[in-house]
Amino acid sequence: MARFLDSDLWWDFKHSPLVMTSAAITALMFLVALFAPQVAPYDPFDMASIDLLDALRPPAWAEGGSVAYLFGTDDQGRDVFSTILYGSRISLLVGFLSVIMAMLIGVLVGLIAGYKGGWLDAVLMRIADIQLSFPAILVALLIDGVVRGILPRGAHEELAVLVLIVAIGLSFWVQFARTVRGSTLVERTKEYVLAAQVTGLPDTLIVFRHILPNVMGPVLVIATIQLALAIIIEATLSFLGVGVPPTSPSLGTLIRIGNDYLFSGEWWITVFPGLALIVLVLAVNFLGDWLRDALNPKLR
Amino acid sequence: MFFFIARRLLQAVGVMLAVGLIAFALFQFVGDPVNNMTGQDTSLAEREALKEELGLNDSVFVQFGRFIGNAARGNFGHSYRQRRPVDELIWERFSATIELSAVSALLALLIGIPMGVYTALKRHSWLSRAFMTLSLIGVSLPTFLIGIFLILIFGVTLNWLPTFGRGEVVDVGGWTTGLLTLSGIKSLILPAVTLAVFQMTFIVRLVRAEMLEVLRADYIKFAHARGLAARAVNFGHALKNTLVPVITVIGLQIGSIVAFAIITESVFQWPGMGLLFIHAIHEVDIPVMAAYLMLIGLLFVIINLVVDILYYAIDPRLRLS
Amino acid sequence: MESMASNMQNTVEQNAGASPSTPLLDIRGLTVEFPGRRGNLVAARDVSLALAKGEILGVVGESGAGKSTIANAVIGLLDPPGRMASGEVYLAGRRIDALRLPAMRAIRGRRIGMIFQDPLTSLDPLQTIEAQLLETITAHLGMTESAAQRRAVELLDAVGIPEPSARIKQYPHQFSGGMRQRAVIALSLCAQPEVLLADEPTTALDVSIQSQILDLMRQLVRERALGMLIITHDIGVISEIADRVAVMYCGAVVETGATAQVLARPAHAYTKSLIAAIPRPDRKTARFRLVQQHATVESTARRLDVKTHWLGQRRSFDGDGDGDGDGDSGVDSSNASNAALVELENLCMRFTTVPSVFKSRRRYLDAVDDVSFSIRRGEVFGLVGESGSGKSTIGRLICGIHAPHAGRIRFAGVPLDARGSRRALNRLRRQMQMVFQDPFSSLNGRMRVRDIVAEPIRFHRMAEGAQLRAIVLDLLDYVGLGGAAAPRFPHEFSGGQRQRISIARALATRPRFLVCDEPTSALDVSIQAQILNLLKDLQQELGLTMLFISHDLPVIRQMCDRVGVMKSGRLREVNDTETLFTAPRHEYTRHLLDLMPKLDILSGDGGDGDNPN
């Protein structure tokens, strides 16, 4: 810990107000999402507490608004502020789990391809190249579409979140795999790895004990940036109507619902979830951007 | 040179076969084509006849061969939902997507590259910092939200620009274009800007990062030490070396614009292939999905080929090994 | 030699402080700082140097002494955040350090040329040599296109590039390293500058290329009456080329004088110890005298009695089946035995350089080509050769990092090959260890020192628990680092200290055979002396058999009993060290010996066998 407090990373962090603000916002949004049931003024999924008479109320400060509904209400009378809290919960859940999945697959594939080389490397990287030709959003759409075709309609609604996580996870592993493979190729020829080989350590031990910790730096940077991207993709898929269903909406679903009311003047149903999404993604991106520069010794 | 291009072409064919395999697998594993093409009242005999006609009784390899053969001729069968040949459906929407993507790509490149170069050269100026902050906001804005906000501001509130459709189009030798009418151009502005923002910010950041890397190289320091003018060093040496790695990524990025058009097209109800694809996904319309997938694959293969040849032209190290 | 005499005179005038003519380049009281979060790092402190026309002034010092900073400061190209805190720079009597950028640019290349260390990265890879030359010529001399073209070809001719009018059309990657450095020199001479600043111009080059480039630079300075400042860590380079030398230590110039005088009769204590640390090419000495400023390290080391300590016990060799009977006696009875420990028979190793599906289009490099020799028990066998000669590959083949393509290796009579059982192979592996070249990449930066050293012991289940912890601390003591290093991470140590950790790790399996692959070539000469002393001690105390791989002939002479000379994958000559150095048989050996800096003028009290530290 003392080592961390003395590190350049921490020093850099402390001297960058923008980065500290981003970290604070990210942390705040995580906590709020995590404790949404405790923090939110209403439970938007509790039918008993919803009154259709309160539908389409504008935000508290606008004419006709009520202090009871800070950001107004949607077409079914749900409190927009509460739905945002619950929605970011799902957005973050999908984001985190899909990135973790992509990271596990990608790091493993990258380590194997980089350390073993030969035909295995050639095959794995060819697959990665082909997948990389298709943008992640398209791959995720396709996987989602296929699953939709295989599963019966009702089952898909229930499994939507899981399907999304798998779809986004599978569309993201390539970035990790390519980066890890690249660093593994470099690390593999370094003398500390040779020393382990001379000692006679088996390959798995060399890969996981020696190489893995040394290739994790860039992986963390990618994970942060991918988290932002995963949140965006989840929102996009939900917006396109192939993601999370409206029964338990994510931020993207909320924006989709609100989009229908854009032209009739009920802008708040779209704008507030949209702003929440932007703030969340922006904060994560600022962190990722800073982390990349801070961990890149060449930029110092 | 011949060997180089021949090898790349061979690789391209390999990639297309792989994409074809995925598209073919869609047919194999998702839904039953006979069910999808017939109604409740079709008799068993009629079903068998259709099955035979579609060649579904042949071995998988024969079917795959036939699929690839048909695909090469642009034949993807009939849409399950719209009961029309898929190639017709796609061709109707092809020009809309290509025009939108091309205009966006042009916008992204023409603004993105100079901004990237500027922010790398004047790293500490306030304008660079502003550009970098803006670009970070740019990559953080989901495309569909940009579209929605643009609609809200320029469509709903200011009522300046149309927010859906392509406007009036003109048919020029089978290619419909919106670039020749005022309403067509006005309709294009919001979708094109929406689509360009993410790519542009991405290009700014990429060019800047690569250029900063190059500016640290020994040969740049040596060029300064020889007393060359800053302009000669920055544009004669640094920029050219920056573009070598940047070209590949930008090529891929331009290709992905076509895919990202899916989002823009659904926000603006732009009658392109992306909108068709989204509907196909909603309705599990496999032939349309497969055809779109292969089209995008083909596009990437072509772009990659062009990029490789460009690379070859720029980098002497490739030419002479 | 005659020029040296005339410059000696020059020096006297300098020292008198009243030179009649203004020096060409005059640096006065230069201080360069790099502000950072932990305060200002002073890279150069109050440095004063004067360079006369037609003179070569060497600036020598170890890494971190601030040598390069001086050249960068003179030409106004300090890497940020570095800045000149004080001092003045005069070019032919005119002050240039305060010039604004356009004026400075007119001086760079036009009046002061600069040559950088690495020719591979100094040229723009996307432009022909011609384009780069023309651009520089026209920028300064405003010649017509055809005149500039003629001049460019002349320049290439002058720096000794054959067929200049054809090669000028080529790209940098079509030039070899030495050719590229010639092209770099041509580029820096484009506009006929009066001063050349050369920053480690030959460090990245092989020894035979190095001497050609030095000859070229000397010739150019004489012909064109330039003044040249050459910055190097290599006393050999200084003795070859410099008329005068300035010795730097920790950012300050500690001594200046005529080269012959400084090298033969150093006045400052640092210079004395630095020169003493240089391996002598002409005779073998028992130990190196250590540079005083660093000498404290070794004295803190606690000596171990290896006869009784775990480290000296060889129980683990029992049952290996080699039946040499030295199992429990502690140390190998090396001197008595002349039998071979490692035998190489017709060893071949080939790397695929251009892979292809088609056999006919594949290209190979025969890194090791039919090499046979044996290493006797208890001896230090040297392998010497230029880069790419295959010497490192042999070490790696023996240690099992690569598998040979043909031929066989025997260790203690047992053939080493992949067909043997893993356990049997591991038991043999434990007996051989390796010390690597690069102290910064040979230790896993994410592991603590104690885990780095303990890992081989744990893996081979040689000790555990409290005993293991004690062994690790003893090992660290033994290599002169001290047990306090155990809980720390590698990045907290200097290159020499890391090399000690590396040695401790290598000793941890109680090996009897140690491969040292260029163990000191990444280190400063003073640190090199310490590490070589340490290796010598270990070898004697533990009775180790050693394969010592190096490109550095003087180091080989100090360390080895017998030497093999490698060139292009083949073993050219094997001989006793003394015989090899005094009566080489193979033509290539003679060639290598000729290229070796003579250093006859070094002060006589270099390494001293009677006074070991």
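Predicted model: local features only at pLDDT ≥ 70, side-chain atom pairs only at ≥ 80, totals over all residues.
Figure 1. The C-alpha trace of chain A spans about 75 × 50 × 30 Å along its principal axes. Of the contacts in chain A between residues at least 6 apart in sequence, 69% join residues at least 24 apart.

**Figure 2. The open four-stranded sheet of chain C.** The strands of chain C are arranged in the order S2-S1-S4-S5, and their pairing is antiparallel. Strands S2 (39-51) and S5 (94-95) of chain C each have a single partner strand and therefore stand at the edges, with one side of each left without a neighbour in the sheet. Strand S1 (residues 25-36) of chain C runs antiparallel to S2(C) and is joined to S2(C) by nine bridges. Within S2(C), Ala50(C) is the bridge partner of Asp26(C).

**Figure 3. Helix H2 of chain C against the strands.** Helix H2 (residues 67-74) of chain C lies across S1, S2 and strand S4 (83-91) of chain C. The helix runs at about 110° to S1(C).

**Figure 4. The contact between chains C and B.** Chain C contributes 26 residues to this contact, and chain B contributes 21 residues. On the side of chain C that touches chain B, helix H3 (101-107), helix H4 (129-141) and helix H7 (177-188) of chain C each supply at least two residues. The largest share, four residues, comes from H4(C). By residue class, this side of chain C comprises twelve nonpolar, eight polar and six charged residues.

Conventions. Residues numbered from 1 in each chain as written. Chains lettered and ligands numbered in written order. Pairing = 2+ DSSP bridges. Contact = placed C-beta atoms within 7 Å. Axes fitted to C-alpha atoms, helices over the stretch in contact; angles between N-to-C directions. Nonpolar A, V, L, I, M, F, W, Y, C, P; charged D, E, K, R; others polar.
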